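Please have the sequence and the 3D view open as you go.

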Amino acid sequence: MKDVSTVPASQAARALGISLDTLRRWDRVGKIRVERDASNRRVVPVAEIDRLRGGHGDETISARNHFRGVVRSVEVDGLLARVEIDVTEPSRVVAIVTRESVEALGLRVGSSAAGVVKATSVMIER
């Protein structure tokens, strides 16, 4: 019977929404725990994928600017804390802009662009 407690690195990367190169980099810096199979290939415990995904329970929030990820840093200063999250799943940003803006930016299908989410607050959920 096949062991399902670990998955190949490529499958783990897909499940996390990251590239295989990113998974390898995370392994080198200790951000993800991997094991090696008999052929010395990286395999990732399913529990590690679940840990990084933060569990996908019954999410009831409805928002387009909802990005899952892994906590990169926590800096506490008095009553406040700064939490930085690396987004680990594929995301899509949708914006409604003026025609003039599209023309001024030269936006075309396939061109490079960045979306900026402007909000008065960012909430963290686990």
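What joins the side chains of aspartate 27 and arginine 42? A polar contact of 2.7 Å does; the term covers a pair of N or O atoms within 3.5 Å, where within protein one must be able to donate a hydrogen and the other to accept it, and residues adjacent in sequence count only if both atoms are side-chain atoms. This is a predicted model, where local features need pLDDT of at least 70, side-chain atom pairs count only at pLDDT 80 or more, and totals for chains, interfaces and linings use all residues. Residues are numbered from 1 along each chain as its sequence is written, and side-chain values use heavy atoms, leaving out hydrogens and water.

**Around aspartate 27**
- Aspartate 27 sits in helix 2 (residues 20–29); helices (H or I, at least four residues) and strands (E, at least two) are DSSP runs numbered from the N terminus.
- Beyond its neighbours within four places in sequence, aspartate 27 is in contact (heavy atoms within 4.5 Å) with Ile32, Val34, Arg36 and Arg42.

- Three strands make an open, antiparallel sheet in the order 1-3-2, where pairing takes at least two DSSP bridges between two strands.
- Its edge strands are strand 1 (6–8) and strand 2 (35–36), each pairing on one side only.
- Strand 1 is joined by three bridges to strand 3 (residues 42–45), and threonine 6 has proline 45 as its bridge partner.

**The hairpin**
- Strand 4 (residues 69–77) and strand 5 (residues 80–87) run antiparallel, joined by eight bridges.
- Glycine 69 has valine 87 as its bridge partner in strand 5.
- Two residues lie between these strands, and glycine 78 takes a positive phi near 65 degrees.
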